[in-house]
Amino acid sequence: MLPGSGPDTGSDGAVFAGTIDEIVAALDQDPVLVEEVMGNGQTEALQAALLEKAEASQLPVYVVLTKAPAGLTTQNTAEELLTLLHARSGKDGVWLVSTADVGHVAMQVYGDLDPAVDDEFTLLRNASTNAQGEAFKAIRSECGDCQIHPALEIGVTLDVLAHGIPQEWGTQPLTDAQVDSYTSSLWTAPDTQTAHYERAEMPTAGLYAVVATVTALTVAVVAYRLVQAIGGKRHPRLRGSAKPAPPTLAERNTAVVDARREAAAAYRALEKALGRAGNRVAWERRDIATACLERAESRIGADDLLEVVGGLVLARTGSYALAHATGQYRCCYVDPRHGAATKEAPLGGGVQVPVCAACAAALAGKRPLAPLLSAGRFGSLAPYYERSSVWSRTGFGSLGGDWWQEVPR
Amino acid sequence: MNRVVRGLVSVTVAGALAAGSAVAATQILHDRRAEAVAAQAAPLAPEVRTDRVRNALAGLADDGVYVAPDARDLLDKRGERAVARAIAEAETPIKVIVWTKTNKAGASYFDQRQQVEAGLTEAGGRGVYLIWQGPENGDVDTYGAYGFVDVAPYEDFTGDPARTLPRLVAQVDAEVRWYERNSDDSDYWGGTGGGIAAGLLIGSGVLLAVALLYGLLMVAVGRRLPGRWLW
């Protein structure tokens with residue numbers, strides 16, 4: 001367009017102030033200029049709302065929301081346009097300018113608008129920022145995805161100016177009702193993005209058929225079987241799962257009491273034998289007996305079956321050491337209460353372990369064993385050698401070595 | 001109760017539950033989709049259209065070309081007349097909008113374009129629209145029916161729009177393809193019969209998984225469900 005040929009008009013004849021001069025001319029008529037390109041979808045309403053606020057201001061204000069005119073030289077077209085508009089018009093006051101390509105608001109205060117304060121700009125910006133913070137909070141509480149239009153920043157600043165330049169820091173003069181008014185669609189933009197790739201469509205006949213068939217088939221089969229279960233024998237056992245029932249608590253308690261009695265007897269026997277031993281017995285053998293005695297003492301009264309059995313085996317090991325010049329006591333690996341081992345037999349995985357005659361026969365005949373059980377954290381019972389303890393590591397001495405040294409006193 | 005009666009009762013109860021749940025499942029599917037479709041259409045409804053889009057749609061009504069007041073620096077009145085002539089000569093209905101790219105006019109770029117397309121579709125018929133926002137910047141698409149135009153804004157939007165736009169408008173008749181869509185083509189499951197067959201297949205898979213879970217539970221607990229398939 002040639003300069004001086006009048007303002008631009010659209011196809012429908014709408015006028016657009018496309019140059020600095022045209023914008024200045026428009027501001028002469030009205031201190032607020034909002035163009036459709038920055039009008040947040042409701043240009044006339046936004047223009048009217050800002051104009052009303054501008055007229056309530058105690059100081060001269062100039063508001064421009066437009067597309068940056070061609071020929072500006074910097075990236076920050078809002079600041080540049082503001083400077084050029086002020087230079088061309090020469091009007092003092094509060095200037096607020098935003099352009100479509102930057103999206104933020106440039107603000108400047110020209111002239112000594114309030115003789116009482118030195119820094120009108122910083123005080124105004126501080127109060128405006130505080131008020132905007134309140135408005136953002138109100139908007140976020142209503143609509144988490146809403147975007148904020150630059151007009152909000154201008155509207156809030158104009159509301160602040162209705163009370164003149166603020167006189168102190170850290171305050172903002174807007175009432176709650178004023179803050180809440182900024183949650184309207186005039187100042188915010190819903191962040192809707194219509195589906196780009198996934199278009200929601202009503203289900204096809206085929207999809208209805210799939211969903212109906214899958215549901216009906218599954219529900220029919222499951223429901224039929226459940227209805228058939230009504231009145232049946234209560235939760236029958238599976239065939240072939242006839243494991244020997246684990247001992248009850250009472251049985252285990254009796255087992256502990258029995259083991260304690262046996263262990264106490266063995267302990268007394270060892271104590272007596274050690275007292276009688278003297279120099280007839282080699283000192284190495286006496287040392288073994290003493291070590292076993294010390295370790296058995298605290299165990300024979302214990303509540304845990306494994307500890308009590310450990311005390312029993314320790315006492316027997318001590319007695320054996322005194323009674324024999326060589327060798328050591330080996331108990332039945334499967335359950336030390338079975339007594340001394342007489343044979344070796346392969347247990348799970350082919351490892352040869354010492355066992356009593358009864359266990360050897362059971363292993364040979366592939367009959368179930370009755371091992372010493374130990375209780376797990378949740379009360380489940382398993383053979384002691386399937387768990388981790390000093391007893392499973394040493395097999396109560398059946399695996400040989402100076403095992404008693406591994407047992408804590 | 002003899003075993004035949006017992007079995008018949010089970011079949012009847014299971015059948016009723018199956019029919020009920022199938023109806024409920026399709027109802028839920030229908031409602032969910034209806035909600036999604038409505039939510040998708042909400043930002044395109046006439047009452048939420050931005051003033052910019054409303055002005056553009058009104059401006060397109062007479063000669064098929066609209067230049068926004070802020071876009072006169074892109075296309076002057078002479079150029080606009082040239083575009084209008086090209087549109088008048090084309091067989092396909094063509095709409096051309098020239099405006100400045102902005103997301104501060106009440107909607108995102110993409111939503112503004114979708115609102116334009118929805119507005120054109122509403123007016124009836126099918127055609128092609130071009131939105132020029134600047135060099136290599138804009139949109140070309142069909143409205144009112146499924147179609148494809150072999151004009152790419154990022155390649156073809158070059159030079160002076162007063163020359164380029166009439167040339168592109170003249171190409172549209174040769175470059176546009178229309179697709180007829182009928183309901184069977186777009187049914188991934190191939191209609192009701194195909195859906196039932198697929199449902200039986202998927203349903204067997206689900207039942208297999210249920211059986212597997214039940215089996216695992218049975219082994220872990222060492223007990224099975226009371227009763228039998230057949231009493």
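B:Glu136 is exposed in this predicted model, because 12 other C-beta atoms lie within 10 Å and a residue counts as exposed with 12 or fewer. The place of B:Glu136 is in the loop of chain B between strand S3, residues 127–134, and strand S4, residues 137–143. The backbone at B:Glu136 has a phi near 55°, which is a positive value in a residue other than glycine. As background to that value, most residues other than glycine have a negative phi.

A:Lys366 sits in the loop of chain A that lies between helix H11 and strand S11, the latter covering residues 373–375. With 6 C-beta neighbours inside 10 Å, A:Lys366 counts as exposed.

Helix H11 of chain A, residues 357–364, contains A:Ala362. Is A:Ala362 buried, exposed or partly exposed? A:Ala362 is partly exposed, since 17 other C-beta atoms lie within 10 Å, a count that falls between the limit of 12 or fewer for exposed residues and that of 20 or more for buried ones. Leaving aside residues up to four places away in sequence, A:Ala362 touches A:Arg367 and A:Leu369.

A:Gly18 is a buried residue, with 22 other C-beta atoms within 10 Å, and it belongs to the loop of chain A between strand S2 (15–16) and helix H1 (20–29). Which residues does A:Gly18 touch, not counting those up to four places away in sequence? They are A:Pro7, A:Asp8 and A:Pro69 of chain A, together with B:Arg72 and B:Asp73 of chain B. A:Gly18 and A:Pro69 are 51 residues apart along the chain, yet their C-alpha atoms are separated by 5.6 Å.

| Residue | Other C-beta atoms within 10 Å | Class |
|---|---|---|
| B:Glu136 | 12 | exposed |
| A:Lys366 | 6 | exposed |
| A:Ala362 | 17 | partly exposed |
| A:Gly18 | 22 | buried |

Turning to chain A as a whole, the model gives this chain twelve helices and twelve strands. Of the 409 residues in chain A, buried residues make up 39%. When contacts in chain A between residues at least 6 apart in sequence are considered, 60% of them join residues at least 24 apart.

Two helix pairs of chain A can be described in detail. Two packed helices are described by the angle between their axes and the distance between the axes. Helix H4 of chain A, residues 120–142, packs on helix H5 of chain A, residues 150–161, at an angle of about 120°, with the axes 9 Å apart. That angle makes H4(A) oblique to H5(A), and H4(A) passes H5(A) in a right-handed crossing. The residues that H4(A) brings to the contact include A:Leu124, A:Ala127 and A:Ala131, while those from H5(A) include A:Leu152, A:Val156 and A:Val160. By class, this contact of H4(A) with H5(A) has seven nonpolar, three polar and two charged residues.

In the other pair, the axes of helix H9 (residues 283–297) and helix H10 (residues 305–323) of chain A come within 8 Å and cross at roughly 165°. H9(A) is therefore roughly antiparallel to H10(A), and H9(A) passes H10(A) in a left-handed crossing. Among the residues that meet here are A:Ile288, A:Cys292 and A:Leu293 in H9(A), and A:Leu314, A:Gly318 and A:Leu322 in H10(A). The contact of H9(A) with H10(A) has nine nonpolar, three polar and two charged residues.

The two chains meet where 75 residues of chain B are in contact with 68 residues of chain A. Several elements of chain B each supply at least two residues of the side that touches chain A, among them helix H1 (3–41), strand S1 (65–67) and helix H7 (191–221). H1(B) gives the most to this side of chain B, with 19 residues. By class, the residues of the side of chain B that touches chain A divide into 36 nonpolar, 25 polar and 14 charged.

As for the confidence of the prediction, chain B averages a pLDDT of 90, and 97% of the residues score at least 70. For the complex, the predictor gives an ipTM of 0.73 and a pTM of 0.62. Where pLDDT is low, the predicted coordinates should not be read in detail.

How values were computed. Residues numbered from 1 in each chain as written. Chains lettered and ligands numbered in written order. Predicted model: local features only at pLDDT ≥ 70, side-chain atom pairs only at ≥ 80, totals over all residues. Contact = placed C-beta atoms within 7 Å. Helix = DSSP H or I, 4+ residues; strand = E, 2+ residues; numbered from the N terminus. Nonpolar A, V, L, I, M, F, W, Y, C, P; charged D, E, K, R; others polar. Axes fitted to C-alpha atoms, helices over the stretch in contact; angles between N-to-C directions. Parallel < 35°, antiparallel > 145°, perpendicular 65-115°, else oblique. Left-handed = near helix turned anticlockwise from the far one by under 90°. pLDDT = per-residue confidence, 0-100.
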